[in-house]
Amino acid sequence: MNKGPVFIVDDEDAVRESLVFMLESYGLVLKDFASGPAFMESVDISEPGCIVLDSRMPEMRGQELQQILNDAQSPLSIIFLTGHGDVPMAVDALKDGAVDFFQKPVDGDRLVAAIEKALAHSFQRVGHVCVEKKYNSLTEREKEVLKEVLKGQTNQQMSKTLCVSLRTIEVHRANMMKKFEASNVADLVLRLSTLIQQGKI
């Protein structure tokens, strides 16, 4: 299991204490908060992890916190755990990216299995965000070279296609490969696979 942090956000003290006691026995790294604002004040939402999140809380509803994290493109994964859930609420939460939705009380093994899935998903998202940031850091010319590389063009062919010198192509190609930390074209394609599948390149 990815040993990322697991955050419990629930306004009921007894629920948080019970969850912490149960989940610690599985060896999870836990931190609990009584509200969404308290969570936001203390946690770096750009880091991977999992939130076990209540829906109905007085200061900030769970869905509001989920929206804030989505707007910030946070890699944190969310599992809803609520005593007031219904089917439309669960459907909306899952549509907005929640990994799972449980009603209280929840079976420990089922919750931990969902947490494992959520942590794996979160760490995967961090990798995707990192690659996208690297892509966005490319110059326009480097992006042009990248597109030609992905078409299987040689440096000589790119030089003619882009109407620049062979040396210029070599420099841009080397810079682009260095930014992605790719050792060869096959490695580059593998690192960019998600962006390619999403049609962003």
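1. The model is a predicted one, in which local features need pLDDT of at least 70 and side-chain atom pairs count only at pLDDT 80 or more, while totals for chains, interfaces and linings use all residues. Residues are numbered from 1 along each chain as its sequence is written, and side-chain values use heavy atoms, with hydrogens and water left out.

2. A pair of aromatic rings is described by the distance of the centres and the angle of the planes. Rings of Phe, Tyr and Trp (its six-membered ring) pair if their centres lie within 6.5 Å, and planes under 30 degrees apart count as stacked, over 60 as edge-to-face and the rest as tilted. By this rule there are four aromatic pairs.

3. Phe 7 belongs to strand E1 (residues 5-9) and Phe 39 to helix H2 (residues 36-42), so the pair ties together parts that are 32 residues apart in sequence; helices (H or I, at least four residues) and strands (E, at least two) are DSSP runs, numbered from the N terminus. Phe 7 is buried at a relative accessible area of 8%, and Phe 39 is buried at 0%, where buried means under 20% relative accessible area, exposed over 50% and partly exposed in between (1.4 Å probe, protein chains only). Ring pairs also link Phe 7, Phe 33 and Phe 39 into a cluster.

4. Phe 80 and Phe 101 form a tilted pair, with 5.9 Å from centre to centre and 35° between the planes. This pair links distant parts of the chain, 21 residues apart, since Phe 80 lies in strand E4 (residues 77-82) and Phe 101 in strand E5 (residues 100-103). Phe 80 is buried at 0% relative accessibility, and Phe 101 is buried with a relative accessible area of 15%.

5. How many of the six residues of E4 are buried? Six of the six are, so E4 is largely enclosed by the rest of the structure. In a regular strand the side chains alternate between the two faces of the sheet. In E4 both faces are covered, with Ser 77, Ile 79 and Leu 81 buried on one side and Ile 78, Phe 80 and Thr 82 buried on the other.

6. Two strands pair if DSSP finds at least two bridges between them. Strand E3 (residues 50-53) pairs with E4 in the parallel sense over four bridges, and Leu 53 stands opposite Phe 80 in E4. E4 and E5 also run parallel, joined by four bridges, and Leu 81 has Phe 102 in E5 as its bridge partner.
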